[in-house]
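Student: Could we go through this structure together, beginning with the overall fold and then turning to how the chains meet?

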There are 2 protein chains.
Amino acid sequence: MKSIRSRTSLARTVALVLLASPGARTLAQVDPLPSWNETPAKQVILSFVKETTDAASPKFVPAAERIATFDQDGTLWVSHPVYAQLVYCLDRVPALIKARPELARVEPFKTVMSGNREAMARLSMKDLEKIAVATLTGMSVEMFQAEAKKWITEARDPRWKRPFTELTYLPMQEVLRYLRANGYKTYIVTGGGQDFVRVYSEEVYGIPPEQVVGTALGTKYGYGKDGKPFLTKEPKLLLNDNDAGKPEGIHLMIGRRPHAAFGNSTGDQQMLEYTKAGDGARLSMLVLHDDGKREYAYGPAKGLPDTKVGTFPQELYDQAMKQGWVVISMKDDWKRIFAFDQ
Amino acid sequence: MKSIRSRTSLARTVALVLLASPGARTLAQVDPLPSWNETPAKQVILSFVKETTDAASPKFVPAAERIATFDQDGTLWVSHPVYAQLVYCLDRVPALIKARPELARVEPFKTVMSGNREAMARLSMKDLEKIAVATLTGMSVEMFQAEAKKWITEARDPRWKRPFTELTYLPMQEVLRYLRANGYKTYIVTGGGQDFVRVYSEEVYGIPPEQVVGTALGTKYGYGKDGKPFLTKEPKLLLNDNDAGKPEGIHLMIGRRPHAAFGNSTGDQQMLEYTKAGDGARLSMLVLHDDGKREYAYGPAKGLPDTKVGTFPQELYDQAMKQGWVVISMKDDWKRIFAFDQ
């Protein structure tokens with residue numbers, strides 16, 4: 001009896017100490033990045049956070065300036081074989097044709113309606129843009145949100161047969177949480193549609209809509225038949241949030257240079273450059289998809305297969321090495337890739 | 001001795017209770033809006049916050065959706081006789097002419113350089129836009145920030161002989177703080193320049209740059225002679241954050257409909273409509289400048305003198321009454337206007 005009681009008492013004391021002192025809890029040996037292997041990439045992240053949040057460190061960053069930006073496709077979740085949003089747009093074509101039957105006879109909608117996968121794979125970037133604009137505009141903001149929300153819960157990735165929202169990288173989710181726990185404001189800065197990503201970013205990444213910067217189309221303010229005002233999504237490009245558009249979008253929407261930025265392809269190059277060029281401690285990291293078994297393998301950096309979706313060429317790799325960015329090897333640096341792994 | 005000891009002990013107990021229970025501290029009779037008179041406007045704000053933050057209330061708003069937007073000029077600080085940013089642009093003209101001497105012979109710069117106040121007062125909106133574009137673009141983002149920061153600390157309002165940043169309305173500062181203390185994220189949504197307001201918003205209002213939505217010009221990403229990337233401010237209008245541009249800008253930059261919005265003129269009409277048209281508890285308020293003694297008196301609503309700067313016409317007043325917005329009378333509802341009053 002006595003020994004049980006004393007163990008209970010010890011447990012209580014420990015619990016009380018932990019509750020009373022949040023600092024002690026943080027200092028305890030709880031690994032904030034358990035899905036990362038013990039490789040240099042993990043150490044770089046841990047050191048960056050430690051140095052920038054320690055008031056005694058010369059690399060200290062005041063809480064208000066702790067901004068971290070993350071590309072989404074290929075950086076936070078799977079973007080192969082095609083971007084989830086492109087699947088959404090293609091899936092919306094039948095409903096579009098129902099509303100505007102005249103489009104059924106017009107390319108590229110005719111090809112999409114044919115269901116011919118080979119012909120669809122040959123659609124040009126311009127064709128895909130036409131499909132995106134037609135399926136993402138012309139409705140109220142609320143109607144779009146409802147449609148996109150319904151789709152994101154129902155759609156399944158063809159390989160894993162799971163919702164796209166389960167295909168986020170667990171190690172990156174840990175980085176998001178770790179940064180936030182240390183006072184960093186985390187943003188998504190995506191080439192994808194700002195309104196699209198905002199539909200699920202809070203639930204999936206803990207990132208609220210107002211912290212999603214993305215390719216943005218305009219809206220138009222007007223009044224319904226009931227006299228109530230509403231916003232209609234318009235086919236007017238306000239921000240192409242790719243390449244140079246990323247730092248430009250960051251300035252427009254955030255107004256501060258990030259202290260940490262994460263990407264995976266040429267579209268992120270300028271964001272990583274811009275981040276790294278700031279004063280003091282700056283962290284720029286690139287995810288390299290070199291794990292064909294657990295996810296996908298593409299580059300063409302490091303002799304990996306070439307791709308059109310999220311290209312990571314050798315020049316980008318060389319620039320990263322030269323400018324002190326850190327390349328994350330999915331194969332070597334990540335112990336687990338998905339939460340559903342194992 | 002005994003009585004002193006027991007008083008000390010009581011004080012300690014009270015202190016401990018207050019420390020241990022932040023709720024108790026809030027519930028204590030500390031008035032969060034001490035610069036407001038005990039009129040209905042104050043009660044409306046107190047009730048709105050109470051109802052939307054009480055989980056048991058049918059009007060409860062989850063913390064993530066607590067967004068409040070504030071116009072700046074005329075709502076948070078003085079905008080008469082002219083907007084502070086216009087003074088900035090005019091003050092920048094000599095430096096502009098030094099850099100580009102050919103402009104000295106061209107209107108409207110010639111008139112500004114003449115120093116003829118009457119001629120300057122006759123400049124058209126188009127002339128003022130030319131001056132704004134010429135003085136706000138063509139330099140790096142960092143150079144602009146440094147210049148604007150220097151100006152804002154040195155410039156003085158002609159009437160009060162104080163920095164413009166001291167001319168903020170104390171009652172509105174209290175509303176900002178009160179909303180934030182209750183989980184609201186406060187935004188500035190201004191017709192003024194986004195980059196300009198961001199220079200001082202954190203220090204003056206406790207609102208960080210990323211929570212300032214304003215009229216925004218584009219930037220262009222490029223590289224300096226040292227190879228370092230930087231952003232140049234461009235004469236390309238991305239967002240005219242006035243009238244319908246306010247709800248459009250709110251959607252672009254925040255992505256959520258506000259639950260509370262504050263304005264003072266026609267430029268805020270659509271923001272207040274859009275806010276009030278949302279489901280559940282929504283608060284739309286307009287500041288009426290009816291205190292010519294302590295500040296300025298203009299409308300022309302309620303028979304006040306007409307103005308070109310921050311017009312509040314009778315139709316706006318009528319719409320406010322019809323749609324359940326609340327008009328704040330500076331004269332009747334505000335006990336103090338400025339922190340330096342008394």
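**Fold and pairing of the chains**

Tutor: Chain A has 15 helices and seven strands, where helices (H or I, at least four residues) and strands (E, at least two) are DSSP runs numbered from the N terminus. This is a predicted model, in which local features need pLDDT of at least 70 and side-chain atom pairs count only at pLDDT 80 or more, while totals for chains, interfaces and linings use all residues. Residues are numbered from 1 along each chain as its sequence is written, chains are lettered from A and ligands numbered from 1 in the order in which they are written, and side-chain values use heavy atoms, with hydrogens and water left out.

Student: What box do the C-alpha atoms of chain A fill?

Tutor: Taken along the principal axes, the box is roughly 80 × 50 × 40 Å. Of the 342 residues of chain A, 52% count as buried, that is, under 20% relative accessible area with a 1.4 Å probe, protein chains only.

Student: How many residues are in contact?

Tutor: On chain A 38 residues are in contact with 38 residues of chain B, contact meaning heavy atoms within 4.5 Å. The copies meet through the same surface, because 100% of the interface residues of chain A are also interface residues in chain B.

Student: And how much area do the two chains bury between them?

Tutor: About 3300 Å², 50% of it on carbon and sulfur atoms; buried area is the accessible area (1.4 Å probe) that two parts lose on being put together, summed over both. In chain A, the residues that lose the most area to chain B are Glu210(A), Tyr221(A) and His251(A), together 20% of what that side buries.

Student: What is the count of salt bridges between the chains?

Tutor: Eight salt bridges are counted between chain A and chain B, each being a side-chain nitrogen of Lys or Arg within 4 Å of a carboxyl oxygen of Asp or Glu. One of them joins Lys185(A) to Glu210(B), at 3.0 Å from N to O.

How values were computed: Buried means under 20% relative accessible area, exposed over 50%, partly exposed in between (1.4 Å probe, protein chains only).
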